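Biologist: Let us go through this model together. I will ask as we go.

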Amino acid sequence: MRRRIFFCSALLTGIAVIATSILVTMVAYNDFSRAVKQEVVAEAAYIRSGYEFGGAVYLAHLEHRAGHRLTIIASDGTVLVDSVSSPGQMDNHLDRPEVRDALSGGTGEITRYSDTLREQIYYYALRLGDGSVLRMSTTISSIIASYDRIFWMVALIGLVVFLISALLASFITRRIMRPLNSLDLEHPEYN
């Protein structure tokens, strides 16, 4: 009976810890992903201001942060500037959804697989005053790499919580069973 109570308590605790860990990591990943996307949007706005003020000279002096790709695309889809690949070797970008959205509505964003980089990429595009499009992007793998650190911390915390809960379950099981084990079944009237 004692083992059954302990097993049920430990099982319920384990399920609760695992469910909580999964939910916490999902929320943390979504928040981190949203923060990275907001960072790309903010960086695009800053670069747009600099580019519209200083033009190509601004881009030449721009110290570009690693991980965020910068592309300037003409209104006809021709790539004018790219921080990763040579613009002359790149396909026309007019068919890209984020570029089409930026040309028609001012901004566009999408997450998709990049054939050039061979990774999942988040793209944010912004129409410039001259009709061209500034596109910023970041790899989703960089988001996931940062998320991995959080996941292992949550897993470690979950393990510690489970072990403490198992010790408490053992203690509580003994406290519950102590009065039952002390019953005198031969002389029930004295109980």
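Biologist: Is E98 buried or exposed?

Modeller: E98 counts as buried, at 0% relative accessibility (buried is under 20% relative accessible area, exposed over 50%, partly exposed in between, with a 1.4 Å probe and protein chains only). Please note that this is a predicted model, in which local features need pLDDT of at least 70, side-chain atom pairs count only at pLDDT 80 or more, and totals for chains, interfaces and linings use all residues. Residues are numbered from 1 along each chain as its sequence is written, and side-chain values use heavy atoms, with hydrogens and water left out.

Biologist: Which side chains meet E98 in a salt bridge?

Modeller: R112 does, at 2.5 Å from N to O, and R135 does, at 2.8 Å. A salt bridge here is a side-chain nitrogen of Lys or Arg within 4 Å of a carboxyl oxygen of Asp or Glu. Shared partners join E98, R112 and R135 into one network.

Biologist: Are R112 and R135 buried or exposed?

Modeller: R112 is buried at 17% relative accessibility, and R135 is buried at 2%.

Biologist: Where do E98 and R135 lie?

Modeller: E98 lies in helix 3 and R135 in strand 5, so the pair ties together parts 37 residues apart in sequence. Helices (H or I, at least four residues) and strands (E, at least two) are DSSP runs, numbered from the N terminus.

Biologist: Changing topic: which residues touch the most other members of the largest nonpolar core?

Modeller: L134 and M136 do, in a core of 14 residues. Such a core is a set of buried Ala, Val, Leu, Ile, Met, Phe, Trp, Tyr and Cys residues joined through side-chain atoms within 4.5 Å.

Biologist: Which helix gives the most to this core?

Modeller: Helix 1, with four residues.
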